[in-house]
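Okay, everyone, thanks for coming. Let me put the structure up, and then I'll walk you through the side chains and a few backbone details.

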Amino acid sequence: QTQVRNLTKLLSGTRHTSNMHIPGSHLRRTAALSLIATVLPSSAFIGGNIISPACAASTGSGIPSTSFGVRSNSFARPLFVRGGQSSINDSTIVRNMSTSRKAPATESFDSSPFNRPITKVAVVGGTHGNEYTGVWCIKAIEHQRQQLNKNNKSKSSAAVNVFEQFPTLDIQTLLANPRAYMENKRFVDTDLNREFSKEKLRKVVIDETVMEECDIRNEFCSEDDDGINSNGGSNGALTYEAVRAREIESLLGPKFTEDTEGDASSSSSCENPATDVVIDLHTTTTNMGISIIIPEGDPLMAAAAAYVMQKCRERYGEDGVQCCMHALPKREDRLNLSSCGRHGFTIEVGPTPQGVIRHDVVEKTEAAMHALLDFLHLRNLELQNSDNANASPSVLDQLEQTYPSGIVPCYRSAPAVRPGELSGKISWPNDPANPNFPALMVHGSVQDRDFEPLRVGDPLFVTLDGTVVPYDGSHGGEVHLIFVNEGGYYYESSGTGIGVAVKSRFDWQTGWFLVESDDEGGAIEEVILEEKDSYE
C-alpha cells in the first residue's frame with residue numbers, strides 16, 4: 001500500500017486541492033494506474049484484481065477514460081469499481097471538495113455550462129412508439145401553445161402552461177417515431193434509440209429540400225425512399241428507424257462535426273447543435289418509479305438532475321425518484337436520441353403497460369419535466385439579473401443547501417458490452433425459434449424489486465422445468481437490478497436482459513462520479529469490465 005501511494009504521488013506530479021477532475025492531473029493519475037497495475041501484485045487492488053492497462057488508458061482529451069478492458073474468464077470480479085460502493089465517508093468528501101460551487105473550477109466563467117443561457121429545448125415523445133405517456137405529454141404541450149395563442153387560460157387552475165411558466169425557454173416538441181406510434185409498436189424495424197452513432201448516421205444522406213417542405217417534428221419525411229441515398233449497408237438497404245434518426249439529427253443537431261472524407265474516426269461531437277437540451281420522455285413496464293437518466297460528465301444536467309430529484313421527492317417521497325447515470329461522458333459515444341442536443345436528459349416512469357396511458361404516470365412524468373424546465377428557466381433568469389445585488393438565493397445555492405457536501409446519490413449503470421445496448425445487462429438466452437422470446441423466466445423474488453440488491457446465490461431465473469438459476473456473481477458480489485423484466489428488453493434490437501447498476505454518487509458541480517482516492521495521491525481505482533456469458 002505504501003508503494004501504491006508513493007508511486008501514485010510520484011507520477012501525479014502535483015497534489016490537487018479538491019476532488020475536481022482537473023484534466024492534466026487526471027491524465028497523470030491514469031498513467032500512474034497503468035504503471036502500478038503492471039509492476040505491483042494484484043493484492044494492491046480491490047477484490048485482488050490487477051487493473052487492465054486498457055482500463056487506465058488516457059483518452060487524450062482531459063476526460064477520464066471510458067475505455068474498458070475486457071477479460072473473459074471464470075473468476076467473478078467487480079464489474080465497475082470507480083464510483084461504486086465506496087467506503088469513503090462524508091467527512092472525507094467535504095474535506096476534499098471545493099467550497100465554491102457556482103461554476104466548475106476547470107472551466108472559465110464564459111465557457112461554463114452554468115453560465116450559458118439555455119434557450120432551445122426539445123421535448124420528445126414516442127421515441128418508442130408504444131410508450132404513449134410521452135406522446136400524451138407533447139400533445140398537452142402543443143395544446144397549451146394553442147391556448148396561449150388564443151389568449152385563453154387553461155380551464156384547470158392546477159394545469160401548468162409551460163409557455164407561461166417558463167418564458168425564457170423556446171420549447172418545441174417532437175414525435176420521434178410517428179410510424180411506430182401509429183402502429184402501437186416499440187419500433188418498426190430497429191430500436192430508434194440505438195440509431196444515433198456516427199457509423200449509422202453517416203450511412204444516410206437526406207434531401208434538404210424535402211426536409212424543408214415537411215414537418216419533421218410530426219412526420220416521417222422520406223416516404224418511399226424519396227430523398228434517401230445509401231453510402232453503405234447491406235445491398236444499400238436502410239431501416240426505417242435509420243432514416244428517421246437522420247431526419248431527427250438534422251433537426252436537433254448536428255451531432256457530429258464534418259469529418260475528413262471517408263474518415264469517420266476524425267470527427268467529434270458538434271459543440272453548437274441547434275438544440276440546447278433534449279428531454280426524452282419514456283415509460284417502462286418495470287417498477288422503477290420516476291427514474292432520471294443522464295450521462296456522466298455533463299455538470300449542467302447533473303445539477304438539473306439533483307434539482308429534479310429534490311422537487312420530486314418533496315412530492316413522492318425519498319423512494320419515489322432515483323437517478324441513474326451512464327458512464328458515457330463523450331456525446332459521440334452515446335447511441336440515444338437525446339445525444340443530438342448539447343445536453344440530454346431522459347425521464348423514465350413506471351410501471352405502466354405498453355400502449356397504455358395512465359393518469360398517475362402522466363402526472364409523475366410531467367412533475368419531473370416541469371421541475372427540469374423550472375431549473376433551466378430559473379438559471380436563465382439569474383444570468384439575466386446577475387448584476388442585481390438584492391437577488392434571491394440562486395438555484396445553485398438551493399442545491400448547495402440540499403446537498404451540503406456537493407455529492408448526490410445515484411446508480412451507476414454497467415457499461416454496455418453488446419451491440420444495441422445503452423448500458424450493460426445480465427442477458428438471458430433466447431428461444432432458438434424466436435430471438436425475442438427468453439429461454440429463462442425472471443424469478444418471482446426479483447420481480448418488481450428494481451434498485452434493490454442482488455447477491456451471489458440469490459434466485460435470478462427459472463427454467464422450463466422449474467429449476468431455479470441463481471445469480472453467479474458475474475457482475476460483482478452485490479449489484480442492484482434495474483429494468484427488471486422490462487418489456488422493451490425482450491427485443492434483440494434493444495438488447496435483451498436485466499439492467500445492472502451499483503450504488504454510486506456524483507458531484508453535481510462537475511457531473512463526474514465520485515472517485516475514491518488515497519490520502520493525497522489521487523485516484524487508485526478504475527473500471528473493470530467482465531464479459532461473461534454465464535447464463536448462455
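This is a predicted model: local features need pLDDT of at least 70, side-chain atom pairs count only at pLDDT 80 or more; totals for chains, interfaces and linings use all residues.

Residues are numbered from 1 along each chain as its sequence is written, and side-chain values use heavy atoms, with hydrogens and water left out.

Glu213 sits in the loop between helix H8 (208-212) and strand E5 (228-230); helices (H or I, at least four residues) and strands (E, at least two) are DSSP runs, numbered from the N terminus. Glu213 is exposed, at 70% relative accessible area. For the record, buried is under 20%, exposed is over 50%, and partly exposed is in between, with a 1.4 Å probe and protein chains only.

Now the cysteines. How many disulfides does the structure hold? There is one, counting a pair of cysteine sulfur atoms within 2.5 Å. Cys214 is joined to Cys221, S to S 2.0 Å. The torsion about that S-S bond is about -80 degrees, so the disulfide of Cys214 and Cys221 is left-handed. Cys221 is buried at 7% relative accessibility.

Cys410 is in no disulfide. Both sites are covered: Cys323 is buried at 1%, and Cys410 is buried at 4%.

On to salt bridges, meaning a side-chain nitrogen of Lys or Arg within 4 Å of a carboxyl oxygen of Asp or Glu. The whole structure has 15 of them. One of them pairs Asp170 with Lys120, at 2.7 Å, N to O. That pair links distant parts of the chain, with Asp170 in strand E3 (residues 170-175) and Lys120 in strand E2 (residues 120-125), 50 residues apart. Asp170 is partly exposed at 27%, and Lys120 is partly exposed too, at 39%.

Then there's Arg246 with Glu249, closest N and O atoms 2.8 Å apart. These two are three residues apart in helix H9 (residues 240-252), so about one helical turn separates them. Arg246 and Glu249 are both buried. There's also a network of salt bridges linking Glu131, Arg186, Asp191 and Arg194.

Last, the backbone. Most residues other than glycine have a negative phi, and most peptide bonds are trans. Here, Gly253 and Pro254 are joined by a cis peptide bond, omega about 15 degrees, and Pro254 is in the loop between H9 and strand E6 (277-283). Gly350 to Pro351 is cis as well, with omega near 5 degrees. For positive phi, look at Asn184, near 55 degrees, and at Asn485, about 60 degrees. Asn485 lies in the loop between strand E18 (478-482) and strand E19 (498-507).

That's my tour, thanks.
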